[in-house]
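Here is a short report on one protein chain. It covers the sheets, the helices around them and a few single residues.

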Amino acid sequence: MTAHSAPFPHDTEAHLAALRGARPTLWLNPDLSRERPDALAAGGKSISLADVQQARARFRRFAPLLARLFPELGATGGVIESDLVAAPALQRALDLPSAHGVLWLKQDHLLPVAGSIKARGGIHEVLEFAETLALEHGLITLESDYTALAGDAARALFSRYEVAVGSTGNLGLSIGVMASALGFRAAVHMSSDAKAWKKDRLRARGVEVVEHAGDYEEAVAAGRRQAEQDPFCYFVDDERSLSLLLGYSAAALHLGEQLRERGLAPDAAHPLFVYLPCGVGGAPAGIAFGLRQLYGPYVHCFFVEPTQSPCFVVQMMAAGEGNPSVYDYGLTNRTEADGLAVPRASELAAQVMRQQLAGVLTVEDDTLFRLLHLAATTENVRVEPSAAAGIAGPAMLTGTAAGRAYLARHGLDAVMHQAVHLAWTTGGLFVPEDEYQRFFARGAALAAA
């Protein structure tokens, strides 16, 4: 019996039929632990809150250099972060009553430099590689002023190396922009479904764009093979990278500070529900890992995937037995949410999430466009389709039988009026105006239908 057709203890045939039929569904993780994990196994290593803190410390060491390299970071001193904002108008438009909690948005669609959540992991891994080289060659110590890495000696060192990645777009932008700014040669292997404007933006930064006829998975494989043949090529592997995952995890620490400042720190009486758009899984898994390290059972993380590309729920249902693909379910992996168009999930991310993820919900493309339009007309929030996915979370959690069963099972019904629902908006800052207007018009037409 294959992994993807094996019986799952909590799943019904109706659920599997919905998945195969590309209909919206909510999968709940039967292995979710109620304990705060001290450490988790990941890629043959043990990771903990200390690793999350080390990732943030690396960002802080590089902050003065980032402020010098990117003028848009001058006001923050080189800190790459996003606002946490309440969304009352959007909440009313979603018919989410106050008895079910309050809606907030974590606005990673406005992250500077790369314009998406990928700025977190992608930039972290490039910085870690640069730091490793600079330390090995005696250009800095951990106590140094890292602005020295803008000097001739560092750029001469970095120029000997190429940094490569396979991407549908946003990760490629973060890797390409950061690597190029430091003086590395940069190459991004992109799949056929990547947006043309993202390719153009990379080329304008001097990044080599290598186009592949296949999907995301094939672009990553091609980039990996090429990098293996060149000892001076460093490949950022979105499917296997612990550095990427930990770069994303550092966001949890800043979010924790934002929640405390607003009097929203999670506890037993004030649950936090976080809805994260999911592609291969590294970004949402990193953030969820960091949040679970901070808040344990008081935070409930849900991933959101397109109905045609639900690779992470497919991987989670396999329960560690193989690495199935959405194609095994007869799905197309075609979606306007290009950053989420991934046929096979990261096994590393799934391993980290095995007992930490509350569940996965799937949404249709039409829903993404409706939510994109709704976010713009209610809160003036301008996102790309994939970034609107998390906004679908609260209604599916509170308005479906599966979601209500989850709340009852975890004893949350009595405290939902004090809950925080946080939709993580993941990209959109650099979407060209004509492209965004096409998205908006489609959403408007669907809203009017």
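Two strands pair if DSSP finds at least two bridges between them. The model described here is predicted.

## The mixed sheet

Strand 5 (residues 102-107) and strand 13 (residues 420-425) meet that criterion: 6 bridges join them, and they run parallel. Within this pair, W104 stands opposite L422 of strand 13. Both strands belong to an open sheet of 7 strands, in the order 1-12-11-10-13-5-4. Its pairing is mixed. Strand 1 (26-28) and strand 4 (84-86) form the edges. Each has a single partner strand, so one side of each is left without a neighbour in the sheet. From one strand to the next, the twist averages 25°.

Another open sheet has 4 strands in the order 8-7-6-9, with parallel pairing. Strand 8 (208-211) and strand 9 (233-236) are its edge strands, and each pairs on one side only. Neighbouring strands of this sheet are turned by 20° against each other on average, direction ignored. Strand 6 (residues 162-167) pairs with strand 9 in the parallel sense over 4 bridges. Here A164 stands opposite F235 of strand 9.

Two helices lie against this sheet. Helix 6 (residues 170-182) lies across strand 6, strand 7 (185-190) and strand 9. Helix 7 (residues 196-204) packs on the sheet and touches strand 7 and strand 8. The table gives their directions.

| Helix | Reference strand | Angle |
|---|---|---|
| Helix 6 (residues 170-182) | Strand 6 | about 170° |
| Helix 7 (residues 196-204) | Strand 8 | about 145° |

Which residues of helix 7 are buried? They are W197, K198, K199 and L202. The buried residues of helix 7 pack against helix 6, strand 7, strand 8 and helix 17. Just after helix 7, G206 takes a positive phi of about 80°.

## Helix 14 and helix 17

Helix 17 (residues 433-448) also packs with helix 14 (residues 365-379). The angle is about 100°, and the axes are 8 Å apart. Angles of 65 to 115 degrees count as roughly perpendicular, and helix 14 and helix 17 are therefore roughly perpendicular to each other. Helix 14 contributes D365, D366, F369, R370, L372, H373, A376 and T377 to the contact. Helix 17 contributes Y436, F439, F440, R442, G443, A444, L446 and A447. By class, the contact has 9 nonpolar, 3 polar and 4 charged residues.

D366 of helix 14 deserves a separate look. Leaving out residues up to four places away in sequence, D366 touches R442 and L446. D366 has a relative accessible area of 30% and is therefore partly exposed, since that class runs between the 20% and 50% limits. The C-alpha atoms of D366 and T332 are separated by 16 Å, with the two residues 34 apart along the chain.

## K118

What does the UniProt annotation say about K118? The unreviewed entry lists "modified residue: N6-(pyridoxal phosphate)lysine" at this position. K118 lies in helix 4 (residues 118-136). Is K118 buried or exposed? Its relative accessible area is 15%, so K118 is buried; the cut-off is under 20%. Not counting residues up to four places away in sequence, K118 touches I123, N170, L171, S174, D238, Y248 and A283. Among these, N170, L171 and S174 fall within the range of helix 6 (residues 170-182).

Methods:
Residues are numbered from 1 along each chain as its sequence is written. This is a predicted model: local features need pLDDT of at least 70, side-chain atom pairs count only at pLDDT 80 or more; totals for chains, interfaces and linings use all residues. Side-chain values use heavy atoms; hydrogens and water are left out. Axes are lines fitted to C-alpha atoms, for helices over the stretch in contact, and angles run from 0 to 180 degrees between N-to-C directions. Angles under 35 degrees count as roughly parallel, over 145 as roughly antiparallel, 65 to 115 as roughly perpendicular and the rest as oblique. Contact means heavy atoms within 4.5 Å. Ala, Val, Leu, Ile, Met, Phe, Trp, Tyr, Cys and Pro count as nonpolar, Asp, Glu, Lys and Arg as charged, and the others, Gly among them, as polar. UniProt positions are given in the numbering used here, feature names are shortened, and annotations may be inferred rather than shown by experiment. Buried means under 20% relative accessible area, exposed over 50%, partly exposed in between (1.4 Å probe, protein chains only).
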